Each structure stands twice: as C-alpha cells, then as structure tokens.
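Visitor: I'm new to this one. Could you walk me through it?
Guide: Happy to. Here it is.

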Amino acid sequence: MSIEILVGVDAGATKTEAIAIGVDGTYIGSGRSGPSNPASVGVEISCINICESIVSSIRGRRAEEITLIGIGLAGWAGGAWDRDLISCISNRIGVSRDSISIAEDIDVAHYSAFLGGEGVVAILGTGSNFLGKAGGRVIRVGGWGHILGDEGSGWRIGLLGLQMVFKSIDGRIGPTTLVTKAYKHYRVDSHKELMRIIYSSKDIKSLIASFASEVFQAAKEGDKTAIEILRQEAREIALAYRAIVDNIGSQMLAIVGSTYKMNKDIWAPMIKEAIAEVTGKIVEIIEPMIKQPCASIMLALNRKSRKINLERIPPECVQSQDP
C-alpha cells in the first residue's frame with residue numbers, strides 16, 4: 001500500500017541532509033550527500049546532491065509517492081536559483097514542480113527553533129546568517145556569503161586561522177600552534193605545499209572552513225592567537241544579535257549549524273560573554289526544537305496551507321537537547 005511521502009532537505013555549503021516521513025507522521029528514512037549551496041558549487045552539483053539525499057531518504061520507495069519536497073537552501077540569494085533547481089530536481093527524480101518548495105536556510109532555521117514564534121536565530125555553519133522575528137517585524141542581518149560576510153562561521157574562522165599561520169611563518173606575529181596544526185590537518189610539510197593545496201582546490205570554501213576545527217582545538221589548548229580569533233568572531237556575532245534586538249527588542253537566541261554544534265563547549269560561553277559586553281544583557285542560548293530537514297517540511301506545508309499534527313512528528317525529527 002502506497003503512502004504519501006513528505007521529504008525535507010537541509011541543503012548546506014558542506015553537506016546535504018534529507019529526512020522522509022509519511023503524511024501520517026511515520027519515519028521513512030534519511031539521506032546524506034555532499035555540498036549543495038549553488039552559489040559555491042553551481043546549480044548542477046547542487047541539484048545532484050539534493051536529489052541523491054532525497055533518493056536515499058525514501059529507502060527504495062517510488063518517487064511518485066512523494067507529494068512534497070521542502071528545501072532549506074544555503075546561498076539562496078533571494079530565490080535566484082529556485083527556477084533552475086526546481087526544474088532540475090523535478091526532471092531527475094520524477095516529481096511535479098509544484099511539489100517542490102525552496103526557502104532560505106535561515107527561515108528554516110528560525111522555524112526549527114521557534115516553530116513560527118518569536119526569537120532570534122543564528123546559523124553558524126560553514127557560512128553564517130542571522131534572523132529575528134517579533135511583534136510582526138522581521139530583521140535579517142548578514143548572510144552575505146564568504147566574500148562579503150560570513151562572520152562567526154567555519155569559513156571565517158578557518159580563513160583567519162590560516163592567515164595567522166602565514167603571518168607567523170613570516171615573523172609578523174609570534175609563534176602559534178596553528179602552524180603545526182595546519183601542516184598536519186592538510187598533510188603537508190611546508191608552507192609552499194599548503195599554498196598549493198589551498199589555491200588549487202575546486203572547493204576552497206569547504207577546504208578553508210575545515211580548518212576551523214583546528215582553531216577551536218588550539219584555543220582549548222591555550223593558544224593565544226586562536227583564542228583572539230574566536231573572541232573577535234564572537235564579538236561579530238554579538239554585533240549581529242544587537243543589530244536585530246535594537247529593532248525588535250531583546251529576544252531568546254537559538255544557534256544552529258555544524259561549526260557551533262561541534263564546538264559548543266568553548267564557543268557558547270564566548271558568544272554569551274561577547275553579547276553581554278556589547279548589549280549589557282545576559283542571553284541564554286537555546287537549542288532548536290526540531291531538526292532542519294523536518295523544519296523544511298513543516299515550513300513548506302505552511303506555505304501550501306497544509307498542516308501536520310506536531311504530536312505525530314516522528315522522534316527522528318526531534319532535536320536532541322544537549323546539556
């Protein structure tokens with residue numbers, strides 16, 4: 001017996017994740033693939049990776065059973081890629097174009113945290129973005145991409161870390177453990193090899209963002225250069241938060257994204273301290289309520305004036321509340 005399938009996709013700059021559920025709330029499966037930010041990898045690669053994650057998530061079910069695909073897209077750029085992506089996904093999977101709904105990843109992130117309510121959300125993944133909603137007002141900050149923005153992101157932290165590596169090699173700053181960590185991380189023996197790997201990369205954004213993990217580790221080990229990088233970026237996050245709450249009033253803050261999630265032990269206290277310094281207020285950081293792919297489904301349902309009972313959301317959609 002066939003069942004109506006709803007698929008949600010979190011289409012990010014480093015990875016793509018999909019979750020498929022039945023219209024009755026039963027969990028069907030999940031899928032994962034490579035990056036799908038069209039601004040970074042192009043529409044064709046974005047489409048291929050989105051489709052791969054969708055097909056994996058439905059676990060051998062027929063594509064004809066899919067009646068809704070909700071996508072939260074990094075690099076949305078005001079919908080610049082929507083028409084081409086929808087056409088490509090429709091043709092590759094064999095679903096109607098009307099069944100595909102694309103939203104900016106920050107809108108999906110906000111829904112995952114507040115389920116349509118009020119609050120401020122920050123995405124701190126490979127890139128960064130900020131969105132606040134309260135009293136009927138919507139304020140967006142950042143989201144300008146890795147060339148013009150992405151403060152507080154894995155890209156930005158990795159880039160600053162690598163810049164400090166070369167400054168240390170030059171003698172412009174003192175010694176830093178980031179140098180040895182860079183050589184080990186990229187499996188090279190010299191700065192010339194490191195330059196070659198970086199400048200010859202076909203996915204330089206992901207390559208540089210991957211070094212953020214080493215900056216966080218160096219900071220945990222007490223490296224002053226790494227600590228200063230994180231403090232600088234924490235202040236940028238605080239400034240983004242202040243720019244929002246100056247317009248809508250103080251609100252709860254939720255943070256999503258792999259860079260934050262993987263380094264929350266050191267990152268959360270630094271961000272809260274920076275916000276206190278910038279705003280004069282203590283802010284608690286809350287966890288999102290549901291996972292991004294499932295939020296993509298729910299937002300798409302709302303846009304199409306369809307509802308799904310929250311009590312019937314499968315446990316696989318619920319975001320674990322880490323201590």
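**A first walk through the fold**

Guide: Strand S1 (residues 5-11) pairs with S2 in the antiparallel sense, over 7 bridges. Pairing here requires that DSSP find at least two bridges between two strands. Helices (H or I, at least four residues) and strands (E, at least two) are DSSP runs, numbered from the N terminus.

Visitor: What kind of model is this?
Guide: This is a predicted model, where local features need pLDDT of at least 70, side-chain atom pairs count only at pLDDT 80 or more, and totals for chains, interfaces and linings use all residues. Residues are numbered from 1 along each chain as its sequence is written, and side-chain values use heavy atoms, with hydrogens and water left out.

Visitor: Back to S1 and S2. How many residues sit between them in the hairpin?
Guide: The hairpin of S1 and S2 has 4 residues between the strands. Asp10 has Glu17 in S2 as its bridge partner.

Visitor: And which residue takes a positive phi in the hairpin of S2 and S3?
Guide: Gly25, with a phi near 95 degrees. That hairpin also has 4 residues between its strands. S2 and strand S3 (residues 27-33) pair in the antiparallel sense over 6 bridges. There, Ala20 has Gly29 in S3 as its bridge partner.

Visitor: Why is S2 called largely enclosed?
Guide: Because 6 of the 7 residues of S2 (residues 16-22) are buried. Buried means under 20% relative accessible area, exposed over 50%, and partly exposed in between (1.4 Å probe, protein chains only).

Visitor: How many salt bridges does a search of the whole structure find?
Guide: It finds 11 salt bridges. One joins Glu284 and Lys272, with the closest N and O atoms 3.8 Å apart. Glu284 is in the loop between helix H12 (264-279) and S10, while Lys272 is in helix H12, 12 residues apart. Lys272 is partly exposed, at 27% relative accessible area.

Visitor: New topic. Is Ile69 buried or exposed?
Guide: Ile69 counts as buried, at 0% relative accessibility. Its place is in strand S4 (residues 66-73). Beyond its neighbours within four places in sequence, Ile69 has contacts that include Val7, Val9, Ile54 and Ile89. Contact means heavy atoms within 4.5 Å.

Visitor: What about the nonpolar cores?
Guide: The largest nonpolar core has 56 residues. Among those with the most contacts inside it are Leu178, Leu253 and Trp267. The largest share of this core, 12 residues, comes from helix H10 (residues 224-248). A second, separate core of 25 residues includes Val9, Val43, Ile58 and Ile93. A nonpolar core is a set of buried Ala, Val, Leu, Ile, Met, Phe, Trp, Tyr and Cys residues joined through side-chain atoms within 4.5 Å.

Visitor: Which helix has 10 of its 10 residues buried?
Guide: Helix H3 (residues 105-114), so H3 is largely enclosed by the rest of the structure. Its buried residues include Asp105, His110 and Phe114. Just after H3, Leu115 takes a positive phi of about 50 degrees.

Visitor: What is the strand order in the open sheet?
Guide: The order is S8-S7-S6-S9-S10, 5 strands with mixed pairing. The edge strands are S8 (137-142) and S10 (285-286), and each pairs on one side only. Strand S6 (residues 119-124) and strand S9 (residues 253-256) pair in the parallel sense over 4 bridges. Val120 stands opposite Leu253 in S9.

Visitor: Last one. Is Leu148 buried or exposed?
Guide: Leu148 counts as exposed, at 66% relative accessibility. This residue is found in helix H4 (residues 145-148).

Notes
A salt bridge is a side-chain nitrogen of Lys or Arg within 4 Å of a carboxyl oxygen of Asp or Glu.
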